[in-house]
Amino acid sequence: MTNTKTRTLLRSDELSCPSCVPKIEGALKALPGVQKAEVKFASGRIEVEHDPALADVDTLVKTIAKTGYTAKPSAF
Amino acid sequence: MLSELMTIYRNPAARRKWLTIASGVFITFALVAWYGFGLAAPWAPFMTIAAVLAGYDIALRAWGALRLRQLSIELLVIVAAVGALFIDNHWESAAVTFLFMLGAWLETRTMSRTRGALKALIDAAPVTATVLRNGETVEVAAHEVGVGETVLVRAGERLPVDGEVTDGTAAVNEASITGEPIPAEKAPGSKVFAGTLAENGLLHLRATGVGADTTLARIISRVEEAQEAKAPAQRMIESFGRWYTPAVFVMAVLSYLVTRNVELALTLLVVSCPGALVISTPVSVVAGIGRAARAGILIKGGEHLENAGRINTLALDKTGTLTEGEPRLAEVVALAGQSEADVLLWAGIAETGSSHPLGRPIIEAARKQGHLPTAEELEEIAGMGLIARHDGHEIAVGSHRLFDHLEIGFDAETKAGIARLHDLGHTVVIVARNGKVAGLLGLADMPRASARPMIDRLHALGVNRVVMLTGDQRPAAEAIAKAVGVDEVHAAMMPDDKLERIRNMRAEGLRVAMVGDGINDAPALAAADISIAMGASGSDIAIETADIALMTDDLGKIAEAMEISRATLTNMRQNLVIAVLTVIGLLFGVYTGSIHMAGGMLVHQLSVLIVILNGMRLLRVPKASRARAGSVKAKATRVAA
């Protein structure tokens, strides 16, 4: 099986307490096709390594929204 | 109407805002009814509705975390709020949930303002670019521009890519990269950066860097990495935060079992989030580093911020750092009855045909005094000088080696003049006409205008040893040192000597910052407590390796970097004190019975807000530091007067 991997960078400026970090990371990692998810509280960056065929960027944004936070994809 | 409501509902931020407002409205109704009209009936139902409205979103988040087997703050708040409803304490339940939501909303807004310093940088890069393809202009996404393509930038537009100007001129404001507010003139051949602003003109650029491969993107990702790098104090607090919440949970259960006091147990749950504590240091670091980035100062992490704030010794190179790095004509000495103007004119005539770096300042000075003809014949002797023929005269310009070669002797007056210029640290150029020495030119690398105020400012900051380490000879080094106010001079140093000097100073217990260009001084930079690279916008190596990278050559930024570091360090300490006092005060208040649920939530949320607002003060440093720079300058002029 070929495993296509993409790195997507999202930004959220709604992170006001580091307690949200494990919540968002956990929700993203629970998605099929997501290999790595890292939330950086200080800068509000969310780095995701994922297979776009199984989980596209839109799914990532929706999953984060379900945990209660708005995030947007960013070029850098 | 319904679809509008659904849109709001699907957007977490909007949903929270409206739920909070609705909850607040019901609380207000209940309060007015009770205290204004003495109506008891609406109290319990209205407060319950308020609690449910505000609690709904908290419950959603709590459930989301619970499904991932995480014990969240939201869960504790919900347990406390539901518990309060069961013991018929409707007001406490409504107040706790409402204050939690209101606090979170305010915290989010202020926190994003704190991150805002960087947001301005991110937003500086335009989303689209105008590209010239097959002779037509097309609008494409900025990151889809191909390297080598021609990009058009009109007046008032921000540049979408890094590139080189191929056509047109413009004044470009590079404040987003360098922090320098005065626009730079760009003409064909100039390097330009994405995110900078063309204030006039029309530029054609050849794209050299696009999207994530632009200087702006690199700066942003460096700054963010720096903000994310956890300082030791922060790691400690975070591990504390991890056991604090469960510990308070256990305490609440134990307290209930021992005292059978439901309210005490629930209040403990409410105050169980160490919110102010866990964000106390990151808030200061994010604000401090962001604020520095906006001024063109890249501080590569909280750790460096801490180190830079404690510096008391600054070591720097002379050439290119304290001086302009380019020779200027400092003195013209006329000999053998010639006039200074003639000496300069003859030297200028010979130099016009040459491209030697020492020639440029001579030509410039000669042009200033009038018409400068070109020599009819010119012979360049590498490493020695020039022999030119003009108007039937032979002009020789160069070092003493040229004159040894031509076998032209020096008389006593010439020898004395050469010796005097040498002692001043000048490079001596000898000018002769028709086999006779006519005069001398003294060239020197002049100190930068900003060097003296920068060193005064550093002294005022408590950096009391400013040390010059230079490969130059002592006379030249001392002349500059005296002019700019350096405390200590070490001349004729090899790179290894510089390294040794830095090590010795650190062994003496000094905290040393080293300023260098990042390449020649690499060993010495690595040995210092903090390494600072200057003029880094053009060099990736400097951005990568230095602890602090200054995007411009402006020396004032060194002092500014120190000021920001100190301010951030102080801010961090204040935040820690506020946070620790809050935690102690809350626990004490809960056990002595002076704080109940609503009060506990209020104090907790207020402490978080205070910590964030305190961090935000760092973003305002520019004015303060400008004022300080002004006062130092004023002091300097007073001393001069």
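In the predicted model, strand β20 of chain B and strand β21 (residues 530-533) of chain B run parallel and are joined by four bridges; two strands are taken as paired if DSSP finds at least two bridges between them. Helices (H or I, at least four residues) and strands (E, at least two) are DSSP runs, numbered from the N terminus. Within this pairing, Val515(B) has Ile532(B) of β21(B) as its bridge partner. Strand β11 (residues 313-316) of chain B is likewise parallel to β20(B), to which four bridges join it, and Ala315(B) stands opposite Met514(B).

Residues are numbered from 1 along each chain as its sequence is written, with chains lettered from A and ligands numbered from 1 in the order in which they are written. For this predicted model, local features need pLDDT of at least 70 and side-chain atom pairs count only at pLDDT 80 or more, whereas totals for chains, interfaces and linings use all residues.

Strand β20(B) (residues 512-516) is largely enclosed by the rest of the structure, because five of its five residues are buried (20 or more other C-beta atoms within 10 Å of the residue's own, with C-beta atoms placed from the backbone). In a regular strand, side chains alternate between the two faces of the sheet. Val512(B), Met514(B) and Gly516(B) point one way from β20(B), while Ala513(B) and Val515(B) point the other way.

Between the chains, 25 residues of chain A are in contact with 33 residues of chain B, contact requiring C-beta atoms, placed from the backbone, to lie within 7 Å. On the side of chain A that touches chain B, α1 (20-29) and α2 (57-66) of chain A each supply at least two residues; the largest share, four residues, comes from α1(A).

Note on methods: Contact = placed C-beta atoms within 7 Å. Buried ≥ 20, exposed ≤ 12 C-beta atoms within 10 Å, placed from the backbone.
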